[in-house]
Amino acid sequence: APAVVWFRFDLRLSDNPALTAAANSGRPLVGLYVLDETGHGSRPLGAAARWWLAGSLRALQSALARAGVPLILRRGPATAVISAVLRETGAGLIAWNPRPMPAEQAADDSVRDIVAAALPHVAIADGQRRTCLLHDPAAVRGRVFTPFWKTLTAKLAPPPPLPVPRLRAGPRIDSDRLADWRLEPTAPDWAGGLRDTWTPGEAGAASRLASFLDGGIEGYATLRDRPDLAHVSMLSPHLRFGEITPGQVWHTVQMALASGRAATADAEKFLSELGWREFAYNLLHHHPDIAAANLQARFDAFPWQPDDALLRAWQRGATGYPIVDAGMRQLWRTGWMHNRVRMVVASFLVKHLLQDWRAGEAWFWDTLVDADPASNPASWQWVAGCGADAAPYFRIFNPILQGERFDPDGAYVRRFVPELAGLPNAAIHQPWRATPVERAAAGVRLGDTYPAPIVEHTRARNRALAAFGEIKSNA
Ligand code: FAD
């Protein structure tokens, strides 16, 4: 009797304990992906993540097909779909990897119970080995990053990643057509920039990591803050969809260190960023409503000033602050934004525009290919000042100085805000400072070809501090 491998956000063949357990049973294999839009256990994907999912499933389907193994696609509540697939394939085993969150674990428990009750002859391999994180979020509790990461690194050395097992082809049963799931946009097709930027799937993930280790990591410790340079890994969507595991990344970086291909400072800094991902999952584990509720309750009384026009200007990259607009347009075009700029745009929305962080979090959720149920809300709360170990609210980024410091020649702004490209460096982050002659030469007419700033920095800063003053005493 065949084995069914139920794939979730572990869309890969290597370092996949469920696939390995099923393959090692010697049974012929059937892969299964269930699109469960009933929301059991997980947040419905945003548009950019749905695009990614389609690409990732296609890549997995072809990787499995090379061994003759089908990937069956079905839509519906997981419990019903899985029982049906087990019956149709006559399976004797079902295997899946544990997921990190309590709600997902509860959803998996109900599948286990139903299979055990209705199909008692089907063995269940839902392994104990967790590959989506480096640690078990139930085992550590940390509200401050540095001691959290210290505790973890003291224990760390994830087990060596598993190789791709030998696969035997199983029976092909009815499958939905991926196109019928409408995960990808048709008209309008807004995904051109995503296609130009990314190769979803395990092979794409491996080549991102390889090219990062082949030069990108050099100087990471300092240059990771520069959006105009290519010194970050861009692995986030691959990690999000489980096309690569943090353990694989960890071991590959250790090898690069051992062979002298990476410097200690760069490798340690890079691995500590993986630590922030762990930290976010830890917070989500202990605060399942992290996308909805302030971690610091005093922020419940924060006097947000919801304003759709301001929110829309921010979403569209039309705030009049070039670094903010470049970031928002990078997000729209490529489904990703550099970390430094994420911090700047998030701070701008929450502090300069006094919009609730949840509105920004929701926009990111819909537009990021790496939109992550832990890292996204945790980072928004961090920037807004209401999170765990958060940046203090009164630390308000000056978008002009941030631009000048981290995009010193304006190359990043020129790339994403081409209508400013002709301005001299001294004015690229504050076009209103350019002389009329410079503006004319660059073809820039403020309020016409490019917006005038929607808020004035110093006024906005003072207004934000006053708003914070209203809740400060509730500390
Ligand atoms: P690298 O610098 O190469 O880092 C390697 C990996 O470490 C990343 O792929 C990511 O998995 C992890 N990582 C790095 N920085 C962080 C961080 N601050 N928090 C958590 N994990 C981190 N990251 C997401 O993966 N999904 C999100 O939805 C997300 N939303 C964010 C929202 C805001 C407002 C901010 C400020 C940050 C957010 N981040 C999010 C964190 C971070 O910006 C991205 O992980 C990073 O930019 C991804 O690029 P990279 O893979 O090149 O990172």
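**Ligand shell, domains and packing in the predicted model**

In this predicted model, the shell of residues around the ligand is made up of 14 nonpolar, 6 polar and 7 charged residues. Of the 27 residues around the ligand, those that come nearest are Val232, Ser233, Asp372, Asn376 and Ser379. Two or more residues of the shell are given by each of the elements α9 (236-240), α11 (264-286), α14 (339-352) and α16 (375-384). Because residues of the shell come both from domain 2 (133-158 + 203-286) and from domain 3 (297-470), the ligand lies between these two domains.

An open sheet is formed by 5 strands, which are arranged in the order β3-β2-β1-β4-β5 and pair in parallel. From one strand to the next, the twist averages 25°. Within this arrangement, strand β1 (residues 3-7) runs parallel to strand β4 (residues 93-95) and is joined to β4 by 3 bridges; Val5 stands opposite Ala95 in β4.

Helices lie across several of these strands. Helix α2 (residues 47-65) lies across β1, β2 (29-35) and β3, and runs at about 145° to β3. Helix α3 (residues 78-89) lies across β1, β2, β3 and β4, with a direction at about 155° to β2.

Two helix pairs illustrate contrasting geometries of packing. In the pair formed by helix α10 (residues 246-258) and α11, the axes are 10 Å apart and the packing angle is about 175°; α10 and α11 are therefore roughly antiparallel to each other. The residues that meet in this contact are Pro246, Val249, Trp250, Val253, Ala256 and Leu257 in α10, and Thr264, Ala267, Phe270, Leu271 and Leu274 in α11. By class, the contact of α10 with α11 comprises 10 nonpolar residues and 1 polar residue, with no charged residues. Helix α11 is also among the elements that give two or more residues to the shell around the ligand.

In the second pair, the axes of helix α13 (residues 322-334) and helix α17 (residues 399-406) come within 8 Å and cross at roughly 70°, which means that α13 is roughly perpendicular to α17. Pro322, Ile323 and Val324 of α13 make this contact with Pro399, Gln402 and Gly403 of α17. The residues of the contact of α13 with α17 comprise 4 nonpolar and 2 polar residues, and no charged residues.

Two features of the backbone are found in loops. Most residues other than glycine have a negative phi, and most peptide bonds are trans. Asp15, however, has a phi near 45°, a positive value in a residue other than glycine, and is placed in the loop between β1 and α1 (17-24). The peptide bond from Ala187 to Pro188 is cis, with omega near -5°, and Pro188 lies in the loop between α5 (145-155) and α6 (192-197).

How values were computed:
Residues numbered from 1 in each chain as written. Predicted model: local features only at pLDDT ≥ 70, side-chain atom pairs only at ≥ 80, totals over all residues. Near = placed C-beta within 6 Å. Helix = DSSP H or I, 4+ residues; strand = E, 2+ residues; numbered from the N terminus. Nonpolar A, V, L, I, M, F, W, Y, C, P; charged D, E, K, R; others polar. Domains from an automatic or database assignment. Pairing = 2+ DSSP bridges. Axes fitted to C-alpha atoms, helices over the stretch in contact; angles between N-to-C directions. Contact = placed C-beta atoms within 7 Å. Parallel < 35°, antiparallel > 145°, perpendicular 65-115°, else oblique.
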